[in-house]
Amino acid sequence: MAINAQNQTGTYTRRVVELNAQSMVEIKFGQDAGEVVAVYPQISLNSCEVSSGRVNYGGRLIATLVYTDEGGKLCRIQKGAEFTHFIDDDNLAPAQRGVCALKCERWQIKREGSSYAVAVVVGAEISVYDSAQRSYVTAVDGAICRSDTGKLNSLVCFSGESEVDDDFDCVATDVLVPSAQALVLNCTVRAGVVEASGEIYLSLLAVRDNAPVCLDRVIPFKCELACDEALFTQRAYCRAEIKAVAVNCKVNEERGKCDVDVNVNLAFSGHFYEEEEVTFVGDAFSKDCELELKYAEESVFADTDIKVYSERVSGLCATKAKLDYTCAFLAVTLPGAEYARTADGIEGSVSATLLYEQAGEVHSTEVNLPFAVTLTGLSADCKELSVAVCGMSLRQRAEGECEGEAVLKITGADGETKTVNYLVEVAECGEKKAPDCAISVYIPTAGDGLWETAKRLSETPESIQQSNPELNFPLSGKERILIYRPKA
């Protein structure tokens, strides 16, 4: 009997490729400023489009400079620039969708005559998604088959924007630079919407009594994003990007306070998996011919939980400037963290700008606090990590030594790796030679089940059970199975 496989075909969404790139963006300030004591670059994504063999992305960079004027007063300048860049890859096609995350990896300020130039290295992480077709065997005519069940996954991407408002009082006369980081602490999918909640860690470089001061604040948020593909309640992975921070200050001279109104524009992007349980042929053999079986494997990391850690790190800091007891620390501002995944956690460094007074003048230097944190309970497969700095303080324990302490908020999109194998093709590859002896003795392997035994004997599982009712599966390996072949 000829072998004929029947297949079921469907479409699903998968991640095609992950790309990384760096580009340089430069902003020139024509004003004649004094000594620059702080630089804060803020970046946001404008577009990400996939074409044949190339992905084009663009964004907007806003750089804020804080400097001292001739009278020693702190002032600020802000300027923006738009940029575009591209990455080439042979796997890219126009019908695909790209999700891009931008970050300012490092920056440098250069003086050019009476003006300044801020050069920023912009890093881009791009995930490209596409619809694909899968086909699996559901039946094989002319063969003995074993049916299996499995869950096939299809990726669902979502995105959206939301605004978060907050107002509070602070003892300050002006706000020079607002910097912020956002973390999603929980993300749940339900019918038609994705609900994301988390915290914004706001750090304000302000002025109090004509001296710089850093003010930290935590702003909670909860947003709903429309998603037509969302059907059942489940967890999802979500990332929050701060596109813009607007701060409006009103000084109340009678109270000696500043009324601060904060508006944060958040952009969200994330994904979850839709599961479909199907029945397919897991294995097959024929009594008359040898079969060649081809399988496909799909593996996904399904995010089922967001684990949150709060860690306090401390130690000696590296500084670019030489600090001694003539330096009076004023403010530690613009904190950030660079980190890498380790076997049991993360390691990296917290960087910030220290403003200090020396000989009656305000100066600044970059400080770096190295750290290594163990994340208990986080699986080794978890790669989606985010770290925010909730506050940092510095002091001099000994002359020339700077000791720092910082609070880190860490989130990890944890879950499990799900792998499924299914049969995609069955083909004949030669005639099977039938035994010509009247009796065969089969010695099984310990652990063999009914299907393995039937396949080795080229008999149906039902006939093995009927002719050997005393067998208990899985076998121990001590059994002896006799096969009788009546003379034709």
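Buried means under 20% relative accessible area, exposed over 50%, and partly exposed in between (1.4 Å probe, protein chains only). By that rule Asp-166, at 16% relative accessibility, counts as buried.

This is a predicted model, in which local features need pLDDT of at least 70, side-chain atom pairs count only at pLDDT 80 or more, and totals for chains, interfaces and linings use all residues. Residues are numbered from 1 along each chain as its sequence is written, and side-chain values use heavy atoms, with hydrogens and water left out.

**Salt bridges**

A salt bridge is a side-chain nitrogen of Lys or Arg within 4 Å of a carboxyl oxygen of Asp or Glu. The structure holds 23 of them.

| Salt bridge | N to O distance |
|---|---|
| Arg-217 and Asp-166 | 2.7 Å |
| Lys-409 and Glu-199 | 3.0 Å |
| Lys-287 and Glu-459 | 3.8 Å |

Asp-166 meets Arg-217 in a salt bridge. Arg-217 lies in strand E10 (residues 211–226) and Asp-166 in strand E7, so this pair ties together parts that are 51 residues apart in sequence. Helices (H or I, at least four residues) and strands (E, at least two) are DSSP runs, numbered from the N terminus. Arg-217 is partly exposed, with a relative accessible area of 32%.

Lys-409 forms a salt bridge with Glu-199. Lys-409 sits in strand E20 (residues 401–431) and Glu-199 in strand E9 (residues 193–208), 210 residues apart. Both Lys-409 and Glu-199 are buried.

The partners Lys-287 and Glu-459 both lie in loops. Lys-287 is in the loop between E13 and strand E14 (289–316), while Glu-459 is in the loop between H1 and helix H2 (461–467). They are 172 residues apart. Lys-287 is partly exposed at 43% relative accessibility, and Glu-459 is partly exposed at 27%.

Salt bridges also form a network that links Arg-190, Glu-195, Lys-222 and Glu-224.

**Aromatic rings**

Rings of Phe, Tyr and Trp (its six-membered ring) pair if their centres lie within 6.5 Å; planes under 30 degrees apart count as stacked, over 60 as edge-to-face and the rest as tilted. The count comes to six aromatic pairs. In one of them, the rings of Phe-158 and Phe-272 have centres 6.3 Å apart and planes at 35°, so the pair is tilted. Phe-158 belongs to strand E7 (residues 144–170) and Phe-272 to strand E13 (residues 257–285), 114 residues apart. Phe-158 is buried at 3% relative accessibility. Phe-272 is also buried, at 3%.

Phe-285 and Trp-451 form a tilted pair, with 5.3 Å centre to centre and 55° between the planes. Phe-285 is in strand E13 and Trp-451 in helix H1 (residues 450–457), 166 residues apart. Phe-285 is buried, with a relative accessible area of 4%. Trp-451 is buried at 9%. Tyr-136, Phe-280 and Tyr-422 form one aromatic cluster.

A charge sits over a ring if NZ of Lys or CZ of Arg is within 6 Å of the ring centre and within 35 degrees of the ring normal. Arg-54 lies over the face of Phe-86, 3.7 Å from the ring centre. Arg-134 lies over the face of Tyr-12, at 3.8 Å.

Two strands pair if DSSP finds at least two bridges between them. Three strands form an open sheet in the order E1-E6-E5, with antiparallel pairing. Strand E1 (4–29) and strand E5 (97–112) are the edge strands, each pairing on one side only. E5 and strand E6 (residues 115–141) pair over 15 bridges. Arg-111 has Tyr-116 in E6 as its bridge partner.
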